[in-house]
Amino acid sequence: MRLAEGLAGFQPSGPLLVAYSGGLDSEVLLHGLMHLGRQADGLPVRAIHVHHGLLPEADAWVRHCRETCQALGVPLEVVAVDAAPAPGESPEDAARRARYGALEARVAEGELLLTAHHLDDQAETLLLQLLRGSGPHGLAAMPALRPFGRGRLGRPLLEFSRAELAGYAAREGLSWVEDPSNRYLNIQRNFLRHEVMPVLTRMWPGVARTLGRSAGLQAGAAHILDGVAAADREMARGPGDHRLVLAGIARLHPHRQRNLLRHTVRALGLPPPAATHLEAIRVMLAGAARDRNPLVTWPGAEARRYDGCVWFGAPLPPRDPRWSIPWNLEGRLELQHGYLESTRGRGAGIRAAAIPGRRVTVRWRRGGERCRPADRDHGQTLKRLFQERRVPPWLRDRLPLIYLDDQLAAVADLWVCAPFAAAPGEWGHRLRWTGTGLDHPSTTGGP
């Protein structure tokens with residue numbers, strides 16, 4: 001049986017987690033795993049059902065999943081999610097985001113999550129990406145195996161058509177649930193499935209398999225492009241992972257520049273930019289005057305130019321300069337876009353002897369603050385210190401300032417201000433600031 005051979009050829013080496021909706025595809029996957037050898041291999045199998053609660057039938061689907069898993073002897077976890085779309089987000093994208101977020105959070109270390117995507121899903125995905133103007137990475141559609149959270153995500157049914165899965169289900173007498181939203185033609189994938197693919201199949205009966213083969217070829221091309229981009233990134237890499245040196249980018253052909261920019265954004269885990277955003281980064285940032293710090297934004301990400309580099313990161317949260325939070329200079333303090341850590345040691349950090357009787361607070365910059373670093377004879381404004389240290393302008397107001405009463409004692413882990421610096425041999429609180437989003441040139445060991 002081809003299904004048995006396909007599952008046998010998918011060789012996991014650890015625990016298995018099955019994404020189980022109760023629909024035909026996942027029903028076949030779970031049944032096939034339990035009856036075609038996975039259970040005999042001694043690998044633990046468990047299932048997870050994501051409960052969106054978007055349709056009245058959702059509770060009935062949960063009951064079906066519980067009954068089926070109980071009959072198969074498979075532990076089931078039901079996870080309720082909030083699938084409400086964000087402004088400008090489609091309900092389908094919101095549901096997918098919520099579903100994959102729940103799955104990623106529950107994949108254990110080394111565990112393999114299996115989903116029931118099949119050949120027809122692959123063909124539809126390729127067509128969707130083609131209609132969106134995607135390049136090789138988008139046209140590669142869905143990989144059979146990829147990293148996912150703390151484990152991996154596998155799709156062992158990509159070689160099987162929907163008709164083959166339905167035939168297996170009929171022969172085995174399986175029952176499954178039907179999602180009525182799969183018939184809504186206002187959803188792009190459904191329109192392709194019910195209106196476009198049948199027409200294509202009448203002219204080209206093997207169109208789904210042909211498109212699946214094309215996706216595999218595009219995956220090979222994308223792999224080669226990634227290799228080229230990785231080498232270019234090493235050549236153009238800035239002082240931090242989030243930076244590329246403009247001079248390095250400028251040496252590349254425009255096609256390789258675009259490939260490098262896409263690869264860098266993807267490697268940082270940021271949402272992919274549209275072609276217009278890539279051009280804005282490539283042309284506007286690289287061609288901006290030296291005294292300008294231009295910004296290109298797209299949903300969930302941004303790119304900036306500063307100090308001869310292009311910087312990539314997630315958008316920084318809004319900042320309220322009136323904000324102040326008390327801290328005891330112990331352990332870790334979680335902030336909106338990073339965290340401060342304090343460890344005790346001798347000869348570095350904020351003098352421990354200066355703490356008793358004083359109120360310690362963490363604040364944002366308001367403007368006009370001054371600090372005399374412990375290794376200097378005179379104080380300077382933070383603006384001047386930041387300029388000397390080449391701290392990017394957009395990060396200067398988001399570095400935490402540590403106050404003792406109303407006196408500035410330290411600026412993140414960049415400087416301890418006199419008279420609060422621990423002398424040699426004196427106990428002090430050594431600080432480390434880890435900011436999310438874009439890199440910043442803080443010291444690695446603290447002041």
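These notebook entries record what I looked up in the structure.

**Entry 1: Ground rules**

I note that this is a predicted model, in which local features need pLDDT of at least 70, side-chain atom pairs count only at pLDDT 80 or more, and totals for chains, interfaces and linings use all residues. Residues are numbered from 1 along each chain as its sequence is written, and side-chain values use heavy atoms, with hydrogens and water left out.

**Entry 2: The chain as a whole**

I began with the secondary structure and found 14 helices and 21 strands in the chain. Helices (H or I, at least four residues) and strands (E, at least two) are DSSP runs, numbered from the N terminus. Along the principal axes, the C-alpha atoms fill a box of roughly 85 × 50 × 40 Å.

I then looked up burial: 46% of the 447 residues count as buried. Buried means under 20% relative accessible area, exposed means over 50%, and partly exposed lies in between (1.4 Å probe, protein chains only). The accessible surface of the chain is about 22,200 Å², and carbon and sulfur atoms hold 53% of that area. Such areas come from the Shrake-Rupley method with a 1.4 Å probe; for residues, only the protein chains shown count as cover.

For contacts (heavy atoms within 4.5 Å), I noted one figure for the chain. Among contacts with a separation of 6 or more, 68% are between residues 24 or more positions apart.

**Entry 3: Helices H2 and H3**

I looked up how H2 (residues 24-35) and H3 (residues 58-72) pack, and recorded an angle of about 10° with axes 11 Å apart. Axes are lines fitted to C-alpha atoms, for helices over the stretch in contact, and angles run from 0 to 180 degrees between N-to-C directions. H2 and H3 are therefore roughly parallel to each other. Angles under 35 degrees count as roughly parallel, over 145 as roughly antiparallel, 65 to 115 as roughly perpendicular, and the rest as oblique.

H2 contributes Glu27, Leu30, Met34 and His35 to the contact, and H3 contributes His64, Thr68, Cys69 and Leu72. I sorted these residues into four nonpolar, three polar and one charged. Here Ala, Val, Leu, Ile, Met, Phe, Trp, Tyr, Cys and Pro count as nonpolar, Asp, Glu, Lys and Arg as charged, and the others, Gly among them, as polar.

**Entry 4: Helices H9 and H11**

I recorded an angle of about 85° between H9 and H11, with their axes 9 Å apart. H9 is therefore roughly perpendicular to H11. The H9 side of the contact includes Leu225, Asp232 and Ala236, and the H11 side includes Arg256, Leu260 and Ala267. The residues of this contact divide into seven nonpolar, three polar and five charged.

**Entry 5: Salt bridges**

Side chains of opposite charge can pair when their charged atoms come close. A search of the whole structure gave me 25 salt bridges, each a side-chain nitrogen of Lys or Arg within 4 Å of a carboxyl oxygen of Asp or Glu.

I looked up Arg256 and Asp232 and found their side chains joined by a salt bridge at 2.5 Å, N to O. Arg256 lies in H11 (residues 254-267) and Asp232 in H9 (residues 207-236), so this pair ties together parts that are 24 residues apart in sequence. Arg256 is partly exposed at 38% relative accessible area, whereas Asp232 is buried at 4%.

Next I checked Arg282 and Glu279, whose closest N and O atoms are 3.2 Å apart in a salt bridge. Both belong to helix H12 (residues 275-287), and being three residues apart there, they are separated by about one helical turn. Arg282 counts as buried at 18%, whereas Glu279 is partly exposed at 27%.

I also noted a network of salt bridges linking Asp120, Asp121, Glu124, Arg162, Arg189 and Arg193. Asp120 is in helix H5 (residues 119-131) and counts as buried at 16% relative accessibility. Leaving out residues up to four places away in sequence, Asp120 touches Ser161, Arg162 and Ala208.

**Entry 6: Glu341**

I placed Glu341 in strand E13 (residues 338-346). Its side chain forms a salt bridge with that of Arg332 (3.6 Å, N to O). Glu341 is partly exposed at 25% relative accessible area, and Arg332 is partly exposed at 45%. Beyond four places in sequence, the residues that Glu341 touches include Trp327, Gly331 and Arg430. I recorded 8.0 Å between the C-alpha atoms of Glu341 and Leu329, which are twelve residues apart along the chain.
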